[in-house]
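Welcome to a short tour, to be followed with your viewer open. Take each stop in turn, select what is named, and look around before moving on.

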Amino acid sequence: MIRIAVLISGFGSNLQAIIDAIEEGRLPGVEIALVLSNRREAYGLKRAVRHGVPVVYFPLAPYSRAGRPREAYDAALAAILQTFDVSWVVMAGWMHVLSGAFLRHFPSRVVNLHPALPGTFPGPQGIQEAYEAYRKGESDHTGVMVHLVPDEAVDVGPVVEEEVVPIHPEDGLDDLEERVHTVEHRLLVQALHSLLC
Ligand code: GRF
């Protein structure tokens, strides 16, 4: 079995898409070794527990309070994953930029999901920024990408899957968010299938 870690910080709907795909046999040979969150209240932790997946809550704050560098947290994070015998890492709504102190332990084996097309709207507000660009007439679509994470650059790396998501005149931000999330759930599973199966 290929053992993956899923890193989350919030709602965990993309984690749920992976769990469902595994339970339905759509990712043969893949298992989630653990779900790790840097936020205690992340709803995705409950999803994991409900499905019998091990969870770890590992916050950055104690490291920051102790004046320790971000790299110390990242190295400890990698060590936790190694104790779970993880070979691939999936960032699914993970709100922390991983440094080389983490990435060197999983070269070309870290996958990130970004709710916009390659080279567009990096950072946590990708959907909102695409919506604002549309409202200003600067663009008529956005998209989703799944990519490998070679270094610390945010939302940049070799693309595994990408798909355009249209924006319609009657869309509110909520409508666009829902459309993007629907595509994310499918594309993330598709990308994991092409990488791991
Ligand atoms: C997704 O839109 C992901 O692309 C972004 O954060 C969101 C996480 O959603 N980086 P969820 O926690 O998987 O529901």
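## Stop 1: Asn 38

Start by selecting Asn 38, which sits in the loop connecting strand E2 (30–37) with helix H2 (43–50). Keep in mind throughout that this is a predicted model.

Is Asn 38 buried or exposed? Its relative accessible area is 13%, and under 20% counts as buried, so Asn 38 is buried.

Asn 38 is then in contact with Ile 8, Ser 9, Tyr 57, Phe 58, Pro 59, Tyr 73, Trp 94, Met 95 and His 96. Keep Phe 58 and Tyr 73 from that list on screen, as the next stop uses them.

## Stop 2: a group of rings

Show the side chains of Phe 58, Tyr 63 and Tyr 73, which ring pairs link into a cluster. How many aromatic pairs does the structure hold? There are five. Zoom in on one of them: the ring centres of Tyr 63 and Tyr 73 are 5.5 Å apart and their planes meet at 85°, so this pair is edge-to-face. For that label the planes must be over 60 degrees apart.

Next, colour the helices. Tyr 63 belongs to helix H3 (residues 61–65) and Tyr 73 to helix H4 (residues 70–83), so the pair links distant parts of the chain, 10 residues apart. Both partners are buried: Tyr 63 has a relative accessible area of 14%, and Tyr 73 has 0%.

One more ring deserves a look before you move on. Select Phe 11 and Arg 47: Arg 47 lies over the face of Phe 11, at 4.4 Å from the ring centre.

## Stop 3: the ligand

Keep Phe 11 selected and bring up the ligand. Which residues surround it? They are Phe 11, Gly 12, Ser 13, Asn 14, Gly 93, Met 95, Leu 113, Pro 115, His 181 and Glu 184.

- Gly 12 has a backbone N or O atom 2.8 Å from an oxygen atom of the ligand.
- Ser 13 places a polar side-chain atom 2.5 Å from an oxygen atom of the ligand.
- Asn 14 has an N or O atom in its side chain that is 2.7 Å from an oxygen atom of the ligand.

On its own, the ligand has 370 Å² of accessible area, and the protein covers 84% of this.

## Stop 4: Asn 112

Now go to Asn 112, in strand E5 (residues 110–114). Asn 112 is buried, at 7% relative accessibility. Which side chain does Asn 112 join through a polar contact of 2.9 Å? The partner is Asp 155.

Not counting residues up to four places away in sequence, Asn 112 touches Met 91, Met 145, Val 146, His 147, Val 149 and Asp 155.

## Stop 5

Select Gly 143 in strand E6 (residues 141–148). Gly 143 is buried, with a relative accessible area of 0%. With residues up to four places away in sequence set aside, Gly 143 touches Pro 115, Ala 116, Leu 117, Glu 163, Val 164 and Val 165.

Then move to Val 160, which is in strand E7 (residues 159–166). At 21% relative accessibility, Val 160 is partly exposed. Beyond its neighbours within four places in sequence, Val 160 is in contact with Val 146, His 147, Leu 148, Ala 191, Ser 194 and Leu 195. Draw a line from Val 160 to Ser 194: these residues are 34 apart along the chain, and their C-alpha atoms are separated by 8.1 Å.

## Stop 6: two loops

Finish with a look at the backbone. Asp 85 is in the loop between H4 and strand E4 (88–91), and its phi is near 60°, a positive value in a residue other than glycine. Asp 85 is exposed, with a relative accessible area of 56%.

Phe 121, in the loop between E5 and helix H6 (126–135), also has a positive phi, near 45°. At 22% relative accessibility, Phe 121 is partly exposed.

Terms used: Residues numbered from 1 in each chain as written. Predicted model: local features only at pLDDT ≥ 70, side-chain atom pairs only at ≥ 80, totals over all residues. Heavy atoms only, no water. Phe/Tyr/Trp six-rings, centres within 6.5 Å; stacked < 30°, edge-to-face > 60°. Helix = DSSP H or I, 4+ residues; strand = E, 2+ residues; numbered from the N terminus. Buried < 20%, exposed > 50% of the residue type's maximum accessible area, 1.4 Å probe, protein only. Lys NZ or Arg CZ within 6 Å of the ring centre and 35° of its normal. Contact = heavy atoms within 4.5 Å. Near = heavy atom within 4 Å. Polar contact = N/O pair within 3.5 Å; in protein donor to acceptor, adjacent residues only side chain to side chain. Areas by Shrake-Rupley, 256 points an atom, 1.4 Å probe, with all protein chains shown as cover.
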